[in-house]
Amino acid sequence: MWFWVFMMAVDLLVPFTMLYFGRRFIKKPPKEVNAAFGYRTTMSMKSRETWEFAHHYCGKLWQICGLLLLPISFIIMLFFLGKNIVTVSIAGGVVCAVQIAIMLCTLIPTELALRRNFDRNGFKR
């Protein structure tokens, strides 16, 4: 049981992280374009405007994904309550891998939105 609780906590970290940083990116993106923290891609770092747009757009996606992943992950892990450690660890690992894949997939629509709204030099279309 203790291992299931641990895996449940681990599997809820990604959705909670997406919710926290999604809200933070929307409300208060990093002030300066930097290579240390924030949504850092070549396109997002072209200008202050692209930086703010990317954080706002990605923040919205992360909030939506986090809100969806939180209950889904919880419910999936409930099916493995009382199972052996190997089963719980495999299930938890798969859930976590899917969550991370979904989190990374938010890069695609964010980059597409950047390219739709800005030219390659970072100027608004």
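In this predicted model, Cys105 is partly exposed, with a relative accessible area of 46%. Cys65, by contrast, counts as buried, because its relative accessibility is 16% and the cut-off for buried is under 20%.

A disulfide is a covalent bond between the sulfur atoms of two cysteines. The structure holds zero disulfides. Cys65 takes part in none, and its nearest cysteine sulfur, that of Cys105, lies 9.0 Å away. For Cys105, the closest cysteine sulfur is that of Cys65, and the separation of 9.0 Å is too far for a bond. A disulfide would need the two sulfur atoms within 2.5 Å.

Helix packing was examined next. Two packed helices are described by the angle between their axes and the distance between the axes. Helix H1 spans residues 2-27, and helix H3 spans residues 85-105. They pack at an angle of about 5 degrees, with their axes 9 Å apart. H1 is therefore roughly parallel to H3, since angles under 35 degrees fall in that class. On the H1 side, the contact is made by Trp2, Phe3, Trp4, Met7, Asp11, Val14, Pro15 and Met18. H3 contributes residues including Ile85, Val88, Gly92, Gly93, Cys96 and Met103. By class, this contact of H1 with H3 has 13 nonpolar, four polar and one charged residues.

The loop between H1 and helix H2 (48-78) contains Ala36. Ala36 counts as exposed, because its relative accessibility is 66% and the cut-off for exposed is over 50%. Arg48 lies twelve residues from Ala36 along the chain, and the C-alpha atoms of the two are separated by 15 Å.

Methods:
Residues numbered from 1 in each chain as written. Predicted model: local features only at pLDDT ≥ 70, side-chain atom pairs only at ≥ 80, totals over all residues. Heavy atoms only, no water. Axes fitted to C-alpha atoms, helices over the stretch in contact; angles between N-to-C directions. Helix = DSSP H or I, 4+ residues; strand = E, 2+ residues; numbered from the N terminus. Parallel < 35°, antiparallel > 145°, perpendicular 65-115°, else oblique. Contact = heavy atoms within 4.5 Å. Nonpolar A, V, L, I, M, F, W, Y, C, P; charged D, E, K, R; others polar. Buried < 20%, exposed > 50% of the residue type's maximum accessible area, 1.4 Å probe, protein only.
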